[in-house]
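Student: I've got this one loaded up. Can we walk through it together?

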Protein chains: 2
Amino acid sequence: MLHQYPSIDPVLQALADPTRRLIVERLGEGPASVKQLAAPLPMSLAAVMQHLQVLERAGLVKSEKRGRTRVCELDVARLDTLDAWIAERKRTWERRYDRLGEILKKET
Amino acid sequence: MLHQYPSIDPVLQALADPTRRLIVERLGEGPASVKQLAAPLPMSLAAVMQHLQVLERAGLVKSEKRGRTRVCELDVARLDTLDAWIAERKRTWERRYDRLGEILKKET
DNA sequence: GGAATAGTTAAGGCAGGACTTGACTGTCGG
DNA sequence: CCGACAGTCAAGTCCTGCCTTAACTATTCC
């Protein structure tokens, strides 16, 4: 089947970092500027920028420049890619489980 | 709200590595020994062992020693942790979208 | 215009992660 | 018992990823 997902690789790599997950969670509540995103984080603005670039490359975040501020927004659709990947693993697993039947259940 | 998920951190970190995802995908088709898992991978057995330890610490894989071979098996339940996290992000997002109403839809 | 604001870019430091090698343990087949 | 097999452990190398600082650009406000 070759499972050709549109590159979950950058998505998972982006979400692997706790800071980036915090950013994603924050953006889940609505758009925000880079400054706003950086405010609660214990690091420089430049560091947050770099995190945003990773998230943007992964397609999880879209941003737009308005005046001198950059407004960032979550792209939830990208999370479906992950959803799909997980679902696929589980489906294969459960299909296998069905093939085995209830037999193995007996030997707890 | 404090979203107290049982540590998605190790799960996402484990899945961030392409090699480990390959192992997960392989194990999705059924249990396998360390040797079998290592066979298609361009690295030493010791390296695969280390990957397995990461997966096991994340709770994604369980293994059992049988004679001189170690049989590894996927723990699909752990993927639900990730599922839950994603679902939560999407839920928050959609709730926000609802609050905004249809107004923004007009300015396509 | 000039100072403060918000972001961007580049360089470098440092720690952690991925992989290797080599020595070692335990197990199976003959 | 002995060799081959499957895995384990410990160092050590190397490279990537996260973060910093510093200099620089583009806006906004007075």
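Student: Which element gives the largest share of the surface near DNA strand C?

Tutor: Keep in mind this is a predicted model, where local features need pLDDT of at least 70, side-chain atom pairs count only at pLDDT 80 or more, and totals for chains, interfaces and linings use all residues. Residues are numbered from 1 along each chain as its sequence is written, with chains lettered from A and ligands numbered from 1 in the order written. "Near" asks for a C-beta atom, placed from the backbone, within 6 Å of the strand, and helices (H or I, at least four residues) and strands (E, at least two) are DSSP runs numbered from the N terminus. With five residues, the largest share belongs to α4(B).

Student: How many residues surround DNA strand C?

Tutor: Among the closest are Lys35(A), Met43(B) and Arg68(B).

Student: Which element of chain A gives the most to the side that touches chain B?

Tutor: Chain A and chain B each put 22 residues into the contact, counted when C-beta atoms, placed from the backbone, lie within 7 Å. On chain A's side, α1 (9–15), α2 (18–27) and α5 (77–100) each supply at least two residues. The top contributor, with nine residues, is α5(A).

Student: And what percentage of chain A is buried?

Tutor: Buried means 20 or more other C-beta atoms within 10 Å of a residue's own, all placed from the backbone. Chain A has six helices and three strands. Of its 108 residues, the buried share is 24%.

Definitions and conventions: Two residues are in contact if their C-beta atoms, placed from the backbone, lie within 7 Å. A residue is buried if 20 or more other C-beta atoms lie within 10 Å of its own, exposed if 12 or fewer, and partly exposed in between; C-beta atoms are placed from the backbone.
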